[in-house]
Amino acid sequence: MFPQPICNRQIHAFCRHRRINYGGLNMKDTVLWRKQSQLVMLLSNALNITPEEALDKFYTTDTYKKLSSQKFGLHLMSDMYLLEELIAELSANKLTTTTI
């Protein structure tokens, strides 16, 4: 049911392609960046879309905003839990936009 975890080589290759650089960040920011990267790749696999499309969708979600803030504690949650939250939020947003 759940997609297979993405290896770090795939994440780094994706980031090199997108010219994303995480050098110079402190450890907390680096860990968050890696979690976000992993989520984007998992979302891409789960929805059968390109990583670029997944990245665009990811940045529009409230889950991304909450993940970026430590006060919500989402950075402590597992990748699979966050993936389920992302998919649920994207589904709810899709239903909301189609009924308006």
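**Basis.** The model is predicted, so local features need pLDDT of at least 70 and side-chain atom pairs count only at pLDDT 80 or more, while totals for chains, interfaces and linings use all residues. Residues are numbered from 1 along each chain as its sequence is written, and side-chain values use heavy atoms, with hydrogens and water left out.

**Overall fold.** The protein has 5 helices and 0 strands. Helices (H or I, at least four residues) and strands (E, at least two) are DSSP runs, numbered from the N terminus. The order from the N terminus is α-α-α-α-α. Of the 100 residues, 32% count as buried. Buried means under 20% relative accessible area, exposed means over 50%, and partly exposed lies in between (1.4 Å probe, protein chains only). The protein exposes about 6,800 Å², and carbon and sulfur atoms supply 55% of that area. Accessible areas come from the Shrake-Rupley method with a 1.4 Å probe; for residues, only the protein chains shown count as cover.

Helix α2 has 21 residues, which should span 30 Å at 1.5 Å a residue; its end C-alpha atoms are 30 Å apart, which agrees. The expected span is 1.5 Å times one less than the number of residues.

Two packed helices are described by the angle between their axes and the distance between the axes. Here α2 (residues 27-47) and α3 (residues 51-59) pack at an angle of about 115 degrees, with axes 8 Å apart. Axes are lines fitted to C-alpha atoms, for helices over the stretch in contact, and angles run from 0 to 180 degrees between N-to-C directions. The crossing is right-handed. A crossing is right-handed if the near helix is turned clockwise from the far one by less than a right angle, and left-handed if anticlockwise.

On the α2 side, the contact is made by Gln36, Leu39, Val40, Met41, Leu43, Ser44 and Leu47. Pro51, Ala54, Leu55, Lys57 and Phe58 supply the α3 side. These residues divide into 9 nonpolar, 2 polar and 1 charged. Ala, Val, Leu, Ile, Met, Phe, Trp, Tyr, Cys and Pro count as nonpolar, Asp, Glu, Lys and Arg as charged, and the others, Gly among them, as polar.

**Between α2 and α3.** Asn48 follows α2 and sits in the loop between α2 and α3. Its phi is positive, about 55 degrees, although Asn48 is not a glycine.

| Residue | Relative accessibility | Class |
|---|---|---|
| Leu42 | 1% | buried |
| Glu52 | 24% | partly exposed |
| His75 | 28% | partly exposed |
| Asn48 | 70% | exposed |

**Pairs across the chain.** Leu42 is in helix α2. Glu52 belongs to helix α3. Glu52 and Val40 are 12 residues apart in sequence and 8.6 Å apart in space, C-alpha to C-alpha.

His75 lies in the loop between α4 (62-68) and α5 (79-99). Leaving aside residues up to four places away in sequence, His75 touches Leu32, Lys35, Leu67 and Gln70. Its C-alpha atom is 9.9 Å from that of Lys28, 47 residues away along the chain.

Notes:
Contact means heavy atoms within 4.5 Å.
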